[in-house]
Structures are given as C-alpha cells and as structure tokens.
Amino acid sequence: MSMLKREDWYDLTRTTNWTPKYVTENELFPEEMSGARGISMEAWEKYDEPYKITYPEYVSIQREKDSGAYSIKAALERDGFVDRADPGWVSTMQLHFGAIALEEYAASTAEARMARFAKAPGNRNMATFGMMDENRHGQIQLYFPYANVKRSRKWDWAHKAIHTNEWAAIAARSFFDDMMMTRDSVAVSIMLTFAFETGFTNMQFLGLAADAAEAGDHTFASLISSIQTDESRHAQQGGPSLKILVENGKKDEAQQMVDVAIWRSWKLFSVLTGPIMDYYTPLESRNQSFKEFMLEWIVAQFERQLLDLGLDKPWYWDQFMQDLDETHHGMHLGVWYWRPTVWWDPAAGVSPEEREWLEEKYPGWNDTWGQCWDVITDNLVNGKPELTVPETLPTICNMCNLPIAHTPGNKWNVKDYQLEYEGRLYHFGSEADRWCFQIDPERYKNHTNLVDRFLKGEIQPADLAGALMYMSLEPGVMGDDAHDYEWVKAYQKKTNAA
C-alpha cells in the first residue's frame, strides 16, 4: 500500500484548534496560562515550527538514542574509567549531574504547560514531544551517576542537590523556577526554549560532549550527545512565537523577555560551564576556551537569530561581551576558595602550564586573576592552607544568587549595584541584574539568597559551620581541591631551587 509523504498531511493533522461550544475561548485558554497577549487565535494558527516530526518517527529515533547510550554504558562499565579519570573531569560530571538532572524533570512541566495552554497548534504538538524529551533527560541523567554512588556520596547529589539549601542549588532553582515554573506558555517558549535552550543548553552539551570525548569518557560523551540532539529540536519552539509577537505589535515585550532570559542564562552558565571548560577539563583535552566557544556557538548565533526575527541585540550586549573575558574567572576563583560549600571538588586549574594557557587565551590573566592565585599558591607552598579557606560568606547578588565577583589586580572594578525597594536594600552584581529586578519587582522581591537567610537569623549557629549544616554539607561531601593540591608541587620545586 502506498503511503503519503509526511509533507502532504502533517500540517492538516496537527491543526487541532476548534471552536469550543460549552466554554469560552478564554476559559479554555486562560490568559495567565496561555499568554496570548490579546493576539487572535487566527494569528497563533500561523505558528510554523521549523522542526517537524511525527510520533512514529519520534519513538523510533528515541529508541535508537537510548539503545546507543545505554549500550555504550554497559559495554564500558567494566572499564573503570571513573576510577582512573582525571579528578577534575570527575568533578565536572558531579557538578553537571547535580545542577541539571532534576531540572530536566522540572522542564517537562514547562513543556506540559505549552502542550496544554499554547494557542498555537504547532507549539502544542512540539511541546508534547518536548515534554517526553525532558522526562527522558531527567531519567538518564539520574541513572548514569547512580552507578557511581558506591565510589562517593558526591554522586548522590545528582538527585539530592536541588532539594537542598546549598547556595548553588538555590541559584539554580531561582533561575529555573523563573524560566519554567512561573511563566505563561508563550513566555516559556521564548525564555526557556529560545533564549536558554537554543543557545546555552546547546553550549553545555556540545562543549561537554567534545571535552568528554577528548578526555576518553565515551560513556558521558554518548549520554550528552543523546540529550543535545533532543534539545536542538524542541529548542526551536520560541522562534515562531517571537515572530508572531513581533508581527502583532508586541516587539517591546518580546525583546524584554529575551533580554532577561539571555542575561540570567549567562550568569548561571558563567559558574556552571565556564570553570569546567577553562579549569576542570584536563589541559590536553581542551578543544576551545570558554570564551572561544561562547563567541562561536552563542554570540554569533544569537546576533543572527535576533536580527532575523526583527529584534535587537540586548541593551547590555557590550557589557556581556566584556564579561566573556572576566566573569567566569571570578566565579571559578570564588568556588575554589569557598570549596567546602559545594558538593564537588573544584579543580584549581592553575599549574604553571595551565597558567600559560590561560594567559594565551585571556591576555592579562596573570596581572588580574593570576595575582589572587599567586597569594593562594604562596600560602600553600609555605604550609598555610588555613589561609586558603573562608571564615565567612561572600556578598551574593539578589538576582542571580551568585557571589558578586569583579576583576581584581590592574583591572579592579568591583561595584555593588544597590536598589532600595519597599524598605529593603537589595544588592546586585551588575546593572543588568538590577534591571531584571526593576522591570518586575513583584516577581523577585520576596526571594532570599543564602546570605539574606544568614542575616535574618535563619541559619544557626550563625557562622560558617552553621551555614554548612544548613546547606546539608558534611565531611565526605563538602568539596576540597580536586587534585589534592598536587599542582602545588611544581611551585614548591621552584621555591626550593631558588
């Protein structure tokens, strides 16, 4: 029996809008959930998803992906890669799984909101597949680290991290709850799938897959590649939504959503992906620097897509470009210094050879961040490790929930961007962070970061030990130097030789 080509019937079968008889259109698609913004149903029916797929095709493809990933895992299970892997790479996996795995499950809720409440039939269709994608991503990224729980309790944080009050988990929840759990379906399609997934998720998975392969971790590489191919498909949902908003006089609102989402995504990935690519990944396995990867995969992509859709580059674009040289270095230094407050072991990544690489990729690194590492290294060489750990907590931004970090040394530019609102003083790490708050203060005003809770007396005893207890961190879980300070020996030799 002959079969019709998909293009001959696809558009007809996925056009599932109808005129309701027993309820009104507004009752069927309430504005607070659909986010139609006064745009007619007829306009939303023009939504044209760029990536078309049918259910039989979807099931077949996903089955092949899972079979491949799980088969590779089973085949390499006895290889014992984790036991002989570079400790920095092990930390990369523990950080990734803890920050991402459960949020993949949460993303299925965001996709479900679009699948039910989006007025665009194409959006509902794509979101149904996206919902199943995210459920799969959560399952596979919990299953893979579970095999390593016998090696260390840090692997258990793939499931535990997001349930705790650890500061990085608070930052991740704040970001993902904003993008996924508290927005209408149109906002989700733009802020989550366009701004976050089109760019930053693809960067996380493409970059990690490449580095994993170079590091010899073919299990992790196959897992990440399997997920990334899904992300590249359901990340296409936001573009058609943006096009409809722009065509119907909603450009300013669309631009604002894009600007907020890109900035918030950038700040999270400056602490999640930047340190991994430039410090944790073994030097011989680094394909590109974080900045090079960002410029190739994010900056060029967003510039092209935004202009093609009739939008502008975010107003803070020049600051964003400058931050590519700076922000993640500060985040990395802060995470390593406050290493007892995280569930993974941060890799310092500042051996003499690595510092040469950092200076090559980021000219001026030695005169800025290098000066801070000089002090840390001297203290370790002189047997004063107690001077390389904190006694208190840093100032944390009230938007991104990350430490306020700026460039030290010859480029010292630290600034606390403050704002008083309804009698409360808020602190922000940048003008863009403060702007995100100012345009929608009711959304963010009641949130408290870790330091806010400390100052309110919610953390007892009111010291670093009490904060570690509050964050569910204890010996055997709290972080330390990934390489057990082996990198310091090269500097000790230089000191002894002198």
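The model is a predicted one, in which local features need pLDDT of at least 70 and side-chain atom pairs count only at pLDDT 80 or more, while totals for chains, interfaces and linings use all residues. Residues are numbered from 1 along each chain as its sequence is written, and side-chain values use heavy atoms, with hydrogens and water left out.

We can begin with the residues that an unreviewed UniProt entry annotates as "binding site", namely E134, E197, E231 and H234; UniProt positions are given here in the numbering used for this structure, feature names are shortened, and such annotations may be inferred rather than shown by experiment. Although these residues span 101 residues in sequence, no two of their C-alpha atoms are more than 11.9 Å apart, so they gather at one spot.

Where do two of these residues sit? E197 belongs to helix 11, which covers residues 185–215, and H234 belongs to helix 12, which covers residues 218–234; helices (H or I, at least four residues) and strands (E, at least two) are DSSP runs, numbered from the N terminus. E197 has a relative accessibility of 2% and therefore counts as buried, and H234, with a relative accessible area of 1%, is buried as well. Here, buried means under 20% relative accessible area, exposed means over 50%, and partly exposed lies in between, with a 1.4 Å probe and protein chains only. Leaving aside neighbours within four places in sequence, H234 is in contact (heavy atoms within 4.5 Å) with residues including E134, H137 and E197.

The unreviewed entry also carries a "binding site" annotation that covers E104, E134, H137 and E231. These residues span 128 residues in sequence, yet no two of their C-alpha atoms are more than 10.9 Å apart, so they too gather at one spot. E104 lies in helix 7, residues 87–117, and is buried because its relative accessibility is 5%. Not counting residues up to four places away in sequence, E104 touches several residues, among them E134, H137 and E231. E231 is found in helix 12 and is buried, with a relative accessible area of 1%.

D259 is buried yet has no salt bridge, and the nearest side chain of opposite charge, K251, is 10 Å away. A salt bridge is a side-chain nitrogen of Lys or Arg within 4 Å of a carboxyl oxygen of Asp or Glu; Lys and Arg count as positive and Asp and Glu as negative, whereas His and the chain ends are not counted. Beyond residues up to four places away in sequence, D259 touches P314, W315, Y316 and W435.
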